[in-house]
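Reader: Could you take me through some features of a structural model, giving the general idea first and then the case at hand?

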Amino acid sequence: MTRAVQQTTRDLRRHNRSALLSRLYVQGPTSRQDLTMESGLSSATVSNVVSDLINDGVVAEAGLVDSDGGRPRTLIQVRGEFGHVVGVDIGETHVQIGLFDYTLGTLATATYSVAATRLEPEPVVGLVLAGVAEVVAKAGVDAGGLLGIGVGVPGAVQVAGRELVYAPTLGWSAVPLADMLRRDLPAPVYIDNCARTLGQAEMWRGAGRGARRAIVALLGVGVGAAVATASEPFRGMAGLTSTTSEWGHTVINVDGRPCRCGSRGCLEAYVGAEAVLDDYLALPDARPFGSEGTEARLAELVARAEGDGGAAQVLGRTAEYLGIGIANLINLLSPDRIVLSGWVGETMGAAILPAVRETVRRHALSYMYGQVRIELGQLGQEAVALGAATLPVVQVLASGGSLRA
């Protein structure tokens, strides 16, 4: 009986630590008094948990804030120096690795082209290992002391005894990627779909903050989306649930152009990066690109659109198809925020955003359109790597900031 009581007490303590730490992580600096009111925990419990977190180096006092007619309140915030996490973006054009502090401040990044790997798993793993070694060396961080390494993949991760990656866009089926990485990495490795983790990062640190339900579109060579729903942080880990959808393979044009999934008329076949470039090159007056690689060429196309009628026409048509796809999501899911993210969103988003909004206005139900904001992602070129880095962050939040097994 005593052992059961000890176990229950330990579980309750971990739950309270996790709940308060999650609130501080998502919300930012907060006073003990506000934590007490928001959590429903007693002031004594909050005070004890915060003291424990401070003693463990997870959080710290962060100055004073005036209160209404009373003594100034001390703010508590999560310490970025508590530890370091790595995020890995495995994409169709590059592998990007980022080193971040615990509050997701960027410390170092490394990017490698996958052109020479033909996207075979072993060479891609080699790039990941090289990238992790590079970023920790740049920052002078001990790789063995990392809180964890998160990996985002453009596919499904199924767990049946071990994690297996199914990523048709990479040509991967049942690839034991986690096991392959764990052979040579000295820190815990976590793998998930990159759209889902990106959605989590935009909700925590980007354009999704404050949204009730956000749809985060991951725009790249492929097209995906995450539906991220905010919840009460004391009821769910960090106040967020996120699911992914194969939005890029919803049909917007019956008997339209072929898609690599085997269907026809999919959204991805009209707004994916390679589809946009092919549209331009098919124009009779198209000029050859002076740069190599999908990412560089898309940036060149966007720059050309300012004085090139053909390039402007292609971006306008891309915006229309993308707007139709977004309008469908709005009519189905009634979000209050749409975020255009991913490297294509970063490269092309500002140029097409007004036209996207206008197309959505025409095609979405008016009362739903009136309650939604369409924004660009705020996390920059390392958005997907940063999203992957949320995977080890979540593990530490779930443990209540404890690094002990």
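Author: What follows covers sheets, aromatic pairs, nonpolar cores and cysteines, in that order. This is a predicted model, in which local features need pLDDT of at least 70 and side-chain atom pairs count only at pLDDT 80 or more, while totals for chains, interfaces and linings use all residues. Residues are numbered from 1 along each chain as its sequence is written, and side-chain values use heavy atoms, with hydrogens and water left out.

Reader: In what order do the 3 strands of the open sheet lie?

Author: Strands of a sheet pair through backbone hydrogen bonds, in either a parallel or an antiparallel way. Here the order is S1-S3-S2 with antiparallel pairing, where strands (E, at least two residues) and helices (H or I, at least four) are DSSP runs numbered from the N terminus, and two strands pair if DSSP finds at least two bridges between them. Strand S1 (30–31) and strand S2 (59–65) stand at the edges with a single partner strand each, so one side of each has no neighbour in the sheet. Between S2 and strand S3 (residues 73–78) there are 5 bridges, and glutamate 61 stands opposite isoleucine 76 in S3. Helix H3 (residues 43–55) packs on this sheet and touches S2 and S3, its direction making about 120° with that of S2; contact means heavy atoms within 4.5 Å, and the angle, on a scale from 0 to 180 degrees, is taken between N-to-C directions of axes fitted to C-alpha atoms, for helices over the stretch in contact.

Reader: How many aromatic pairs does the structure hold, and how are tyrosine 25 and tyrosine 102 arranged?

Author: Rings of Phe, Tyr and Trp (its six-membered ring) pair if their centres lie within 6.5 Å, with planes under 30 degrees apart counted as stacked, over 60 as edge-to-face and the rest as tilted. The structure holds 5 such pairs. The ring centres of tyrosine 25 and tyrosine 102 are 5.4 Å apart and their planes stand at 70°, so this pair is edge-to-face. It links distant parts of the chain, since tyrosine 25 belongs to helix H1 (residues 2–27) and tyrosine 102 to the loop between strand S5 (94–101) and strand S6 (106–113), 77 residues apart. Tyrosine 25 is buried at a relative accessible area of 2%, as is tyrosine 102 at 0% (buried means under 20%, exposed over 50%, partly exposed in between, with a 1.4 Å probe and protein chains only). Ring pairs also join Tyr25, Phe82, Tyr102 and Trp204 into a cluster.

Reader: Which residues touch the most other members of the largest nonpolar core?

Author: In soluble globular proteins, nonpolar side chains tend to be buried together. A nonpolar core is a set of buried Ala, Val, Leu, Ile, Met, Phe, Trp, Tyr and Cys residues joined through side-chain atoms within 4.5 Å. Of the 47 residues in the largest one, Trp247, Leu301, Leu322 and Ile326 touch the most other members. Helix H10 (309–333) is among the elements that give two or more residues to this core, and its 9 residues are the largest share. Leaving out residues up to four places away in sequence, isoleucine 326 touches Trp247, Ile338, Leu340, Val356 and Val360. A second, separate core of 38 residues includes Leu20, Val49, Ile76 and Leu379.

Reader: How many disulfides does a search of the whole structure find?

Author: A disulfide is a covalent bond between the sulfur atoms of two cysteines. With the criterion of sulfur atoms within 2.5 Å, the search finds 0. The sulfur of cysteine 261 is 3.7 Å from its closest cysteine sulfur, in cysteine 259, which is too far for a bond. Cysteine 259 is buried at 9% relative accessible area, whereas cysteine 261, at 42%, counts as partly exposed.
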